[in-house]
Amino acid sequence: MKPTAKKFDLSFEFFPPKTTEGMDKLREARAKLAKFNPEFFSVTFGAGGSTRDRTMDTVLEIQREGFQAAPHISCISSSKSEIRDLLHAYKAQGIKRLVALRGDIPSGEVSAGDFKYASELVAFIREETGYHFNIEVAAYPEFHPEARTPAVDLLNLKRKVDAGANSAITQYFYNADAYFRFVDQCDTLGINVPIVPGIMPIYNITQLARFSSVCGAEIPRWLKMRLEEYGDDMVSLRAFGIDVVSELCETLLAWGVPSLHFYTLNQSNIISNIIENVQD
Ligand code: FAD
């Protein structure tokens, strides 16, 4: 059943392209998504600062276009002085919102950074810049793959909020019940910040399975089997994916989620279809 039409907030996540062609494609995607009047566009950050300049350049370009831009900062393998410089550079440029993460250690590398967990980064941002930034952190309705237990993971989210995070964006999921239960448990623990669902459109089953194996987001068996059945028929797979994700968004909005955050992979068409379905 569709919820009664209501306004909802949106945000869109991009990665910083490596090539001028990639930058052009991103500009095109951004122009199409801008018509939905998002609250902000966020830009990811490679662990250890590998995309530092590209993240900064992309964020500043978005800001020049008149949109609110939120750089991600991941702290693993970074020193305090590197993060301090980055925070002050963003502050000087008038950036007001950050997504603060631990990041993943690139395979084969040993972490030599000053931060072990995202909660330490959040505390450091508050120490260095007070309440200048609105800070978003990551949350995991199906639990982070390294979490020893669900309770440990929930307590970690609480630690990040207690350290000064204003809101959380979730890892993607296709099982709305996992999110509802997670939010209920957060309420019980006194985690009183908005927990915005992260939405991953379905572009391609191989790519989705690869992401999910790394981040621990489950592709339900029925969904995986239906997607596999499409084989190379990408047109039908994407049409089916649009239906599934539109329904997920409708269920979440009917339940009363504060907003939706889309993982765009720098593309706009499928997301535009989903949002238009949901707004109908
Ligand atoms: P943390 O909150 O530090 O948690 C990491 C693990 O440590 C969890 O298992 C947690 O339970 C555990 N833990 C934390 N504190 C403690 C403690 N004191 N004792 C025991 N266990 C503890 N990655 C990037 O590299 N760049 C990005 O731009 C990026 N953007 C993202 C955006 C979103 C919305 C999300 C959901 C994820 C993003 N990631 C990004 C991925 C993220 O960096 C990884 O999921 C990473 O593995 C964990 O990051 P975190 O900030 O959640 O870490």
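A polar contact is a pair of N or O atoms within 3.5 Å; within protein, one must be able to donate a hydrogen and the other to accept it, and residues adjacent in sequence count only if both atoms are side-chain atoms. This is a predicted model: local features need pLDDT of at least 70, side-chain atom pairs count only at pLDDT 80 or more, and totals for chains, interfaces and linings use all residues. Residues are numbered from 1 along each chain as its sequence is written, and side-chain values use heavy atoms, without hydrogens and water.

A polar side-chain atom of Tyr140 sits 2.7 Å from a ligand oxygen. The side chain of Asp153 places an N or O atom 2.6 Å from a ligand oxygen. Ala118 uses its backbone: a polar atom there is 2.8 Å from an oxygen of the ligand.

The shell around the ligand has 24 residues, counted when a heavy atom lies within 4 Å. Among the closest are Phe45, Asp104 and His144. α5 (150-162) gives the largest share, 4 residues. Helices (H or I, at least four residues) and strands (E, at least two) are DSSP runs, numbered from the N terminus. β3 (69-74) and β6 (167-172) each supply at least two.

The lining of the largest pocket counts 50 residues, with Leu101, Gly103, Asp104, Tyr140 and Gln171 nearest its centre. α5 again leads, with 5 residues.

Technical notes. 1 Å grid on protein atoms, 1.4 Å probe; cavity = no way out; pocket = protein on both sides within 12 Å on 5 of 7 lines; lining within 4 Å.
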